[in-house]
Amino acid sequence: MKAYMARRIVQMAPALLLATLVMFSMVFLLPGDPTVNLMGEEAATATPEQIEAFRQRYGLDQPFFIQYTTWLKNALQGDLGRSFRNREPVTESIATRLPVTLELALLSTVMAIVIGVPAGIVSAIKRNSIMDMFVTAFSVMWVALPNFWLAILLIMVFAVMLEWLPVAGYVPLALDPVGNLKSLLLPAFALGSHYAAVLARQTRSGMLEVLHQDYIRTARAKGLHERRVVLLHALKNALIPIVTLLGLHLGRVLGGTVIIETVFAIPGMGLLVIASIHGRDYMAAQGAILVLVLGIMISNLLADVTYVYVDPRIKYS
Amino acid sequence: MATDRAVAAPAALAGRRPRAGFRRMLRVGLGLRLGVFGLVVIVVVSLLALFAPWVAPFAPEKTDFSLMTAPPGSLGHLMGTDIQGRDVFSRLVYGSRVSLLVGVIAVGIAILAGVPIGLFAGFMGGFVDDLLMRVMDTLYSFPTILLALVIVAVLQPGLVNVMVAVGITSIPLYARLVRGSTLSVRETDYVTAAKAIGARSPRILALHIWPNVSAPILVQGSLGMAFAVLAEASLSFLGLGVPPPTPTWGGMLRDGFSFIDTAWWLSVFPGLAIFFLVLAFNFVGDALRDALDPRLAHSLGSGRGPGKE
């Protein structure tokens with residue numbers, strides 16, 4: 001197991017390297033002077049001296065390969081360079097934004113599990129009931145719902161019409177825990193409900209597959225309470241495919257924050273990516289995307305590892 | 001499950017069994033029905049896109065500052081007007097062109113690139129397979145929207161670049177799918193037989209392997225359309241898709257978002273359009289899958305996600 005994890009981590013390195021190289025070279029593949037491209041709107045009004053100063057300040061006068069290796073060396077030491085716009089160290093702006101996104105991701109995952117798994121269980125044990133039909137229909141349709149439209153509808157109903165929750169914005173946890181929860185409730189739901197729908201379908205089919213197996217009959221035959229049979233014996237095995245989905249879900253959530261944080265104006269990683277791209281601040285965009293991709297790779301790895309704990313029959317070599 | 005209960009309480013179940021059976025039948029038939037529904041929606045949207053100039057009551061970019069944010073139903077504006085007095089229904093009709101075009105071209109790009117990669121990797125095996133699939137896995141591990149965003153941000157927003165971005169991000173789906181089926185077909189007796197009589201690799205690929213791996217591509221293609229429509233709308237919503245004044249459904253939602261408290265119709269109708277078109281492609285994909293693989297006939301609600309999306 002340890003050897004497997006070590007190999008997986010080693011395999012992540014070339015993938016990440018490839019990702020950085022692609023991102024880094026894209027700016028240089030654009031037609032025109034990279035410095036002018038990177039300066040964005042500033043370049044239009046800048047004097048040749050100012051452009052030259054910008055070029056030197058960010059080391060853009062160096063050959064591409066030197067620039068890339070310098071950036072990479074610094075990145076490995078935790079220094080992702082300075083923003084082209086406000087000169088702020090990219091690592092610092094990521095450090096303040098990452099916790100916000102992680103909180104949002106965590107809350108959305110918890111919401112998805114709390115909604116999706118029970119819905120799937122009920123759906124499976126009351127197969128072909130009205131409840132089952134309802135859960136199935138909902139989960140099939142929910143998958144087609146664009147998350148930003150769901151976010152808009154949620155704002156319309158809960159913030160504009162009912163005025164229960166704030167329209168947008170973020171309240172830090174340390175400042176006001178209740179306000180924090182209120183500010184994240186709608187975004188977390190918009191982000192996680194898709195996963196809840198997938199979970200409900202997956203839990204249902206997993207449970208149905210497990211429920212007529214011999215060991216379930218044995219558990220029933222020895223007189224166990226039905227609740228114990230379902231929750232302890234059946235669910236544990238039905239959970240296996242759900243764990244794999246968790247890794248994919250975390251990837252989706254980290255990608256989805258780009259949209260949801262924009263809609264709700266939450267100062268997390270997603271908003272940083274979008275704001276940097278709109279502002280042509282490639283240094284910041286590239287750092288933020290790199291951190292998101294790393295997060296996704298780690299969550300995929302964690303999903304594979306938890307797989308083994310849920311199902312000891314699976315062996316990695 | 002049903003049989004367990006039958007042992008425990010035969011009397012209680014006697015009255016229920018026909019209904020449960022009826023519902024199960026309904027569930028199987030429903031998959032097909034939904035497929036037909038999906039197909040109808042797709043045909044209607046395609047016709048609207050094709051005949052947009054005849055269907056749309058107003059020009060999509062025609063502003064009318066005497067009728068800004070008019071609610072639905074006022075003066076021939078079926079779905080109201082936006083902040084510049086443009087007719088929402090007409091813009092929706094024209095917006096369908098972008099959605100469908102991006103979908104078709106993006107899925108086309110993904111199939112044209114992904115299928116040969118998958119065929120080649122699966123057929124060759126060994127080092128080539130490892131290398132190609134490692135690259136595909138890397139591409140796959142990027143969240144799609146993020147990858148599309150990077151591509152569009154670098155190439156500049158625009159119709160063609162959105163198609164390219166969404167297309168590239170979908171390549172691994174087809175490559176993995178085709179590689180999987182190629183691997184299983186490669187080991188069959190009839191491929192061995194073809195090799196034994198001296199058939200060359202291109203002939204084996206074209207005549208023996210391709211016919212057996214092509215059906216799942218159709219399914220994935222339909223689900224891929226759903227994904228492409230969603231991705232285009234997301235990019236346009238973020239302001240990184242097809243730039244204004246071209247009407248797009250995602251862009252309309254972006255514009256309408258500022259007036260969420262005063263003009264609900266700007267946020268509701270474009271979203272409904274995206275939702276129904278995505279749903280339609282999902283339904284058709286599911287129905288195709290059921291039709292092509294009868295073993296999965298109970299698939300509605302069986303828990304498969306529609307590919308990566």
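Predicted model: local features only at pLDDT ≥ 70, side-chain atom pairs only at ≥ 80, totals over all residues.
**View 1. The interface of chain A and chain B.** The contact draws on 54 residues of chain A and 51 residues of chain B, and together the two chains bury about 4,800 Å², with 72% of that area on carbon and sulfur atoms.

**View 2. The side of chain A that touches chain B.** Two or more residues of this side come from each of α1 (2-29), α7 (130-142), α8 (147-161), α9 (177-211), α11 (226-264), α12 (269-278) and α13 (282-310) of chain A. When the residues on this side of chain A are sorted by kind, 35 are nonpolar, 13 are polar and six are charged.

**View 3. The two domains of chain A.** Chain A is divided into domain 1, which covers 2-89, and domain 2, which covers 91-310, and the C-alpha centres of these two domains lie 33 Å apart. Where the domains meet, the contact takes 26 residues from domain 1 of chain A and 22 residues from domain 2 of chain A.

**View 4. A closer look at the interface between the domains of chain A.** Between domain 1 and domain 2 of chain A an area of about 2,200 Å² is buried, and carbon and sulfur atoms give 70% of it. The count of salt bridges between these two domains is zero, whereas the rule finds four residue pairs in polar contact across their interface, both residues being at pLDDT 80 or more. On the side of domain 1 that touches domain 2, the elements giving two or more residues are α1 and α2 (34-39) of chain A, and the largest share, 11 residues, comes from α1(A). The residues of this side of domain 1 divide into 15 nonpolar, six polar and five charged.

**View 5. Helix α12 of chain A and the residue that follows.** Of the 10 residues in α12(A), seven are buried, so that this helix is mostly covered. The buried residues of α12(A) include A:Met269, A:Gly270, A:Leu272 and A:Val273, and A:Ile274, A:Ser276 and A:Ile277 are buried as well. Just after α12(A), A:Arg280 takes a positive phi of about 55 degrees.

Terms used
Residues numbered from 1 in each chain as written. Chains lettered and ligands numbered in written order. Heavy atoms only, no water. Contact = heavy atoms within 4.5 Å. Buried area = accessible area lost by both parts, 1.4 Å probe. Helix = DSSP H or I, 4+ residues; strand = E, 2+ residues; numbered from the N terminus. Nonpolar A, V, L, I, M, F, W, Y, C, P; charged D, E, K, R; others polar. Domains from an automatic or database assignment. Salt bridge = Lys/Arg side-chain N within 4 Å of Asp/Glu carboxyl O. Polar contact = N/O pair within 3.5 Å; in protein donor to acceptor, adjacent residues only side chain to side chain. Buried < 20%, exposed > 50% of the residue type's maximum accessible area, 1.4 Å probe, protein only.
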